[in-house]
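The sequence and the structure come first.

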Amino acid sequence: MSRIASIEAIGAELTGWRQHLHSIPELQFDCFRTSAFVAEKLRSFGVDEVVEGMATSGVVAVINGKGPGITTGLRADMDALPIEELRDLPYRSTVPGVMHACGHDGHTTMLLGAAKHLAETRNFAGRAVLIFQPAEEGGGGADVMCREGLMTRFGIERVFALHNWPGMEAGRIETRAGPAMAASDAFDVIVTGTGAHAAQPHNGRDPIFAATAMVQALQTIVSRTLDPVKPAVLSVTQFQSGSAYNVIPDEARFSGTFRSLDDEVRAQLLRRLEEVVSAVARANGVRADVIHHPGYPVTVNDADAAGFAMDVAESLVGTGNIERNRLPEMGAEDFAYMLEQVPGAYVFLGQGESAGLHHPRYDFNDKILTLGASYLARLVEEARPF
């Protein structure tokens, strides 16, 4: 089997759609211009049903095949990031401070390309449910769509998604069974001491000293508390305190994130974070409050679904261009919520050398649009019982 000729033939058209979407980036749930473009295209393809407004601006389309069979969900994320674009592209962002720095414009275009082919040919049994989701970047749009009844309303039995991956050879496809991306949690720590003149530190309780000791001590959680064969990350990424050279302030704050690939480790990280902060606070005579912000769960690929996804990938790009046992990523993805509802798989599609994801010089590689669209379409056309 090879790439789909009818999709290859519209490569220039797909590029035009993608670059248009790149020029009109939108944040979180406010993907109204993007979803209007998507809905108009879907209707022009002759899909059987278009539902707008799920998770505020999400779009879901249904394409019926030629007979009974499996209902397959295909998901693309639509939202952009609050980043100022630095590359002077002909189709650069027209929205100040917002850009498609993660390639969701490309994901949306690939799913549109698959939709066009599937609606025209209907060479499959069952149904295809095409999910255009807002708010992947921190908003949990997938969770919102699931809570609004996405899976039951459309009878989705399995669900698939992909993500472009800079630094991986363009056209290469990789995934793994089991945990593919990490759970992501955030935290704030507020340390309250007693201010004093910097020349008289004995008259106060220094929150900066205590907070910096906490930051250092937190680095022992992964290295000295957790099982070394269970991946985890804890990073402090912000620190704020003080406003003068000669004043010890009353308060210091720091924030960060921890990542894990299983629920037991996730709970351990939070428990030890709270214990370490509390112990250091007592030792320094200050108060410390930990505020936990639960994030996305672990993205867990169903083993049979991952195997099927890679069989489809292998048929398109060949054995030498796939990897069935990719190492997990410690980044997070809200597609995890959909995988908690039904079996499915999330794969990585190489986009070649480029600036990294979430970088102000990033741009999606349009040369992989037709491959991504063919892959998504084949997941429907080749659907089989697991």
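The model is a predicted one, in which local features need pLDDT of at least 70, side-chain atom pairs count only at pLDDT 80 or more, and totals for chains, interfaces and linings use all residues. Residues are numbered from 1 along each chain as its sequence is written, and side-chain values use heavy atoms, with hydrogens and water left out.

**Two helices**

Helices (H or I, at least four residues) and strands (E, at least two) are DSSP runs, numbered from the N terminus. The expected span in the table is 1.5 Å times one less than the number of residues in the helix.

| Helix | Residues | Number of residues | First to last C-alpha | Expected span |
|---|---|---|---|---|
| H4 | 104–121 | 18 residues | 26 Å | 26 Å |
| H8 | 263–284 | 22 residues | 32 Å | 32 Å |

How many of the 18 residues of H4 are buried? The count is 16, so H4 is largely enclosed by the rest of the structure. Here buried means under 20% relative accessible area, exposed means over 50%, and partly exposed lies in between (1.4 Å probe, protein chains only).

In H8, the buried residues are Val265, Arg266, Gln268, Leu269, Leu270, Leu273, Val276, Val277, Val280 and Ala281. An α-helix has 3.6 residues a turn, so residues three or four places apart point the same way. The buried residues of H8 pack against strands S8 (183–192), S10 (232–241), S12 (251–260) and S13 (287–293), and against helix H7 (207–224). Contact means heavy atoms within 4.5 Å.

Both ends of H8 have a feature of their own to describe. At its start, the backbone nitrogen of glutamate 264 has a side-chain oxygen of aspartate 262 within 2.9 Å. After H8 comes glycine 285, with a positive phi near 65 degrees.

Histidine 104 belongs to helix H4 and is buried, at 0% relative accessibility. Its side chain reaches the backbone oxygen of aspartate 79 at 2.7 Å. Leaving aside neighbours within four places in sequence, histidine 104 is in contact with Asp77, Met78, Asp79, Glu136, Glu137 and His163.

Aspartate 77 is in strand S3 (residues 71–77). This residue is also buried, with a relative accessible area of 1%. Which side chain does aspartate 77 join through a polar contact of 2.8 Å? The partner is histidine 107. A polar contact is a pair of N or O atoms within 3.5 Å; within protein, one must be able to donate a hydrogen and the other to accept it, and residues adjacent in sequence count only if both atoms are side-chain atoms. With neighbours within four places in sequence left aside, the contacts of aspartate 77 are His104, His107, Thr108, Gln133, Glu136 and Glu333.

**Pocket and cavity**

On a 1 Å grid over the protein atoms alone, a cavity is a set of points where a 1.4 Å probe fits but cannot get out, and a pocket is an open set with protein on both sides within 12 Å along at least five of seven lines; lining residues have an atom within 4 Å of a point. Grid points are joined across faces, edges and corners, and a volume is the space filled by probe spheres set on the points.

The largest pocket has a volume of about 490 Å³. It is lined by 23 residues, of which Glu136, Glu137, Tyr296, Ala332 and His358 are the closest to its centre. Ten lining residues are nonpolar, eight polar and five charged. In these classes Ala, Val, Leu, Ile, Met, Phe, Trp, Tyr, Cys and Pro count as nonpolar, Asp, Glu, Lys and Arg as charged, and the others, Gly among them, as polar.

There is one cavity of 30 Å³ or more, and the volume of the largest cavity is about 40 Å³. Its lining is made up of Arg75, Ala76, His107, Ala161, Leu162 and Leu376. S3 and strand S5 (158–166) each give two or more residues to this lining.

**Single residues elsewhere**

Glycine 11 is in helix H2 (residues 11–23) and is buried, with a relative accessible area of 18%.

Alanine 55, in the loop between strand S1 (49–54) and strand S2 (58–64), has a positive phi of about 50 degrees.
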